[in-house]
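Work through the exercises below with the structure in view. Try each task before reading its solution.

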Amino acid sequence: MVNDIKLSIGLTIYKGDWEGSQWTITGYPKKDMSIKDFESAYDFEDFVKKHINCNGIEFDSEFCQFFAYTKTKASAIAFGNRIEKYFDKVRKSLS
């Protein structure tokens, strides 16, 4: 979709397109951007929950794809930015 917001880590933010959805953050992290090889999207979700503020975020990941939902575009972007900022910090600490 034209209005999708692509994050460098491999996730996309877009307006939900089914009943009850608001904003969706989905995808699978790129290993070179996350500096970690996740066994599944469930593992990525667990890692995010452990290391990143997830207040107001609902999750519904599948084995091959991460899914998180927010009520507003601003909260989806803020959550995506928190994920990217965390992994940027990790990459910098390793270099």
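A disulfide is a pair of cysteine sulfur atoms within 2.5 Å. The structure used here is a predicted model.

**Exercise 1. Cysteines**

Task: State how many disulfides the model has, and decide whether C54 is buried or exposed and whether C64 is buried or exposed.

Solution:
- Step 1. Applying the 2.5 Å rule gives a count of 0 disulfides.
- Step 2. Buried means under 20% relative accessible area, and exposed means over 50%.
- Step 3. C54 has a relative accessible area of 17%, so C54 is buried.
- Step 4. C64 has 61% relative accessibility, so C64 counts as exposed.

**Exercise 2. Two helices**

Task: Describe how helix α2 and helix α3 are placed and which residues meet.

Solution:
- Step 1. Two packed helices are described by the angle between their axes and the distance between the axes.
- Step 2. The axes of α2 (residues 41-51) and α3 (residues 73-94) come within 11 Å, and they cross at roughly 90 degrees.
- Step 3. Angles of 65 to 115 degrees count as roughly perpendicular, so α2 is roughly perpendicular to α3.
- Step 4. From α2, the residues F44, F47, V48 and H51 meet F79, I83, Y86 and F87 of α3.
- Step 5. Sorted by type, the residues of this contact are 7 nonpolar, 1 polar and no charged.

**Exercise 3. The sheet**

Task: Give the strand order of the sheet, name its edge strands, and say what lies across β5.

Solution:
- Step 1. The open sheet has 5 strands in the order β1-β2-β3-β5-β4, with antiparallel pairing.
- Step 2. β1 (5-6) and β4 (58-59) each pair on one side only, which makes them the edge strands.
- Step 3. β4 is joined to β5 (residues 66-70) by 2 bridges, and the two strands run antiparallel. Within β5, Y69 is the bridge partner of E58.
- Step 4. Helix α2 lies across β2 (11-15), β4 and β5, and runs at about 45 degrees to β5.

**Exercise 4. A loop**

Task: Compare I35 and S40 in the loop between α1 and α2.

Solution:
- Step 1. I35 is found in this loop, and S40 lies in the loop between α1 (31-34) and α2 as well.
- Step 2. At a relative accessible area of 40%, I35 is partly exposed. S40, at 5% relative accessibility, counts as buried.
- Step 3. Leaving aside neighbours within four places in sequence, S40 is in contact with Y28 and F63.
- Step 4. The phi of I35 is near 60 degrees, a positive value in a residue other than glycine.

Technical notes: Residues numbered from 1 in each chain as written. Predicted model: local features only at pLDDT ≥ 70, side-chain atom pairs only at ≥ 80, totals over all residues. Heavy atoms only, no water. Axes fitted to C-alpha atoms, helices over the stretch in contact; angles between N-to-C directions. Helix = DSSP H or I, 4+ residues; strand = E, 2+ residues; numbered from the N terminus. Parallel < 35°, antiparallel > 145°, perpendicular 65-115°, else oblique. Contact = heavy atoms within 4.5 Å. Nonpolar A, V, L, I, M, F, W, Y, C, P; charged D, E, K, R; others polar. Buried < 20%, exposed > 50% of the residue type's maximum accessible area, 1.4 Å probe, protein only. Pairing = 2+ DSSP bridges.
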